[in-house]
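Colleague: Could you take a close look at one helix for me, and then walk me through the pockets while you're at it? I'd like the residues spelled out.

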Amino acid sequence: MKNEIYASTGTFIGMANGFDHNIIKEKAKEIDCSGFELLILTAWHDDLDDIIRQIASFGIDFPVIHFAKGIGILFAENTADAVLQARRDFSQNVEAAKRIGAKKAVLHLWGGPNSDLFVDYSVKYLPEFYRECEDAGIELLIENIPAKYHGPVCNWLLARKNYHDVKFIYDTRFGEFHAEHDRIFSPAFWRDVKHIHVSSFLGNTERWGLLRPILHPGEGRVDIDSLLARMPRYDGTVTLESPVLAADGSIDTQKLNRSLELLRRKFAEKEEKDAVLSGNL
């Protein structure tokens with residue numbers, strides 16, 4: 001099964017171009033990918049319903065949606081008002097996913113200054129969240145984002161304890177940051193990994209504040225060849241998250257396409273090697 005390679009809209013929409021969602025329509029035709037992962041931006045919050053209505057009219061394929069990162073930050077505040085707002089925002093993001101036709105949704109379950117300090121409480125909402133997504137025909141995936149107190153894999157275990165059928169999305173940059181690649185590649189977790197984010201960075205393991213700048217595959221600490229050689233067979237989807245938006249607002253679509261082509265080639269090579277090892281070739 002050929003891996004589908006997507007591009008995150010966060011690679012080319014940001015502060016430098018005013019978070020303008022219309023640029024997605026302008027640039028999509030220049031980007032060589034199987035579809036896009038729509039990143040819901042904090043800057044869209046007050047006008048999200050209208051912005052999503054416009055995006056849905058673009059005629060672009062969005063197989064994956066990345067829910068607003070602020071949901072996890074609100075949960076990490078662990079106050080009654082913050083949690084209520086997080087639940088409201090989650091439901092609004094589910095509606096956005098339905099409008100654009102997304103089949104997978106990425107969720108940050110913790111984040112911000114408190115990180116995963118109160119994740120014990122956050123995971124209790126997973127059964128509710130999964131029911132809501134299942135009713136909408138969306139597969140909810142919990143990301144291994146950096147965690148200060150327990151580590152992403154420990155939080156995944158806690159999530160599974162609270163919802164046995166939880167699914168995950170594996171981010172290569174965060175896996176490198178916490179040195180958790182091999183734990184994620186274990187059978188205990190890998191069967192539940194349904195999506196991958198690819199990017200890199202220059203910082204050191206668990207050196208907070210050094211996760212940026214976000215680099216492209218083949219740059220920085222993340223050795224894509226080594227990772228794919230160690231990674232078990234994977235038939236799921238992949239999103240490139242490495243940005244190409246310059247400070248002056250220009251977008252380097254050529255660099256984005258080079259990285260997308262690199263991922264297509266690397267995952268195709270892996271698929272062929274896995275098929276040989278399994279005796280299917």
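Modeller: In this predicted model, helix α6 runs over residues 126-135, and its buried residues are Leu126, Phe129, Tyr130 and Cys133. Those four sit on the same side of α6, because they cover an arc of only 95° around the axis. Past the end of the helix, α6 is followed by Gly137, which has a positive phi, near 75°.

The largest pocket holds about 990 Å³ of space. Its lining counts 35 residues, and the closest to the pocket centre are Lys69, His108, Arg173, Arg212 and Ile214. Sorted by class, the lining of this largest pocket comes out as 18 nonpolar, 11 polar and six charged residues.

The second largest pocket has about 180 Å³ of space. Two elements give two or more residues each to its lining, namely α11 (224-230) and α12 (253-278). Of these, α12 gives the most, with six residues.

How values were computed:
Residues numbered from 1 in each chain as written. Predicted model: local features only at pLDDT ≥ 70, side-chain atom pairs only at ≥ 80, totals over all residues. Heavy atoms only, no water. Buried < 20%, exposed > 50% of the residue type's maximum accessible area, 1.4 Å probe, protein only. Arc of directions from axis to C-beta. 1 Å grid on protein atoms, 1.4 Å probe; cavity = no way out; pocket = protein on both sides within 12 Å on 5 of 7 lines; lining within 4 Å. Points joined across faces, edges and corners; volume = space filled by probe spheres on them. Nonpolar A, V, L, I, M, F, W, Y, C, P; charged D, E, K, R; others polar.
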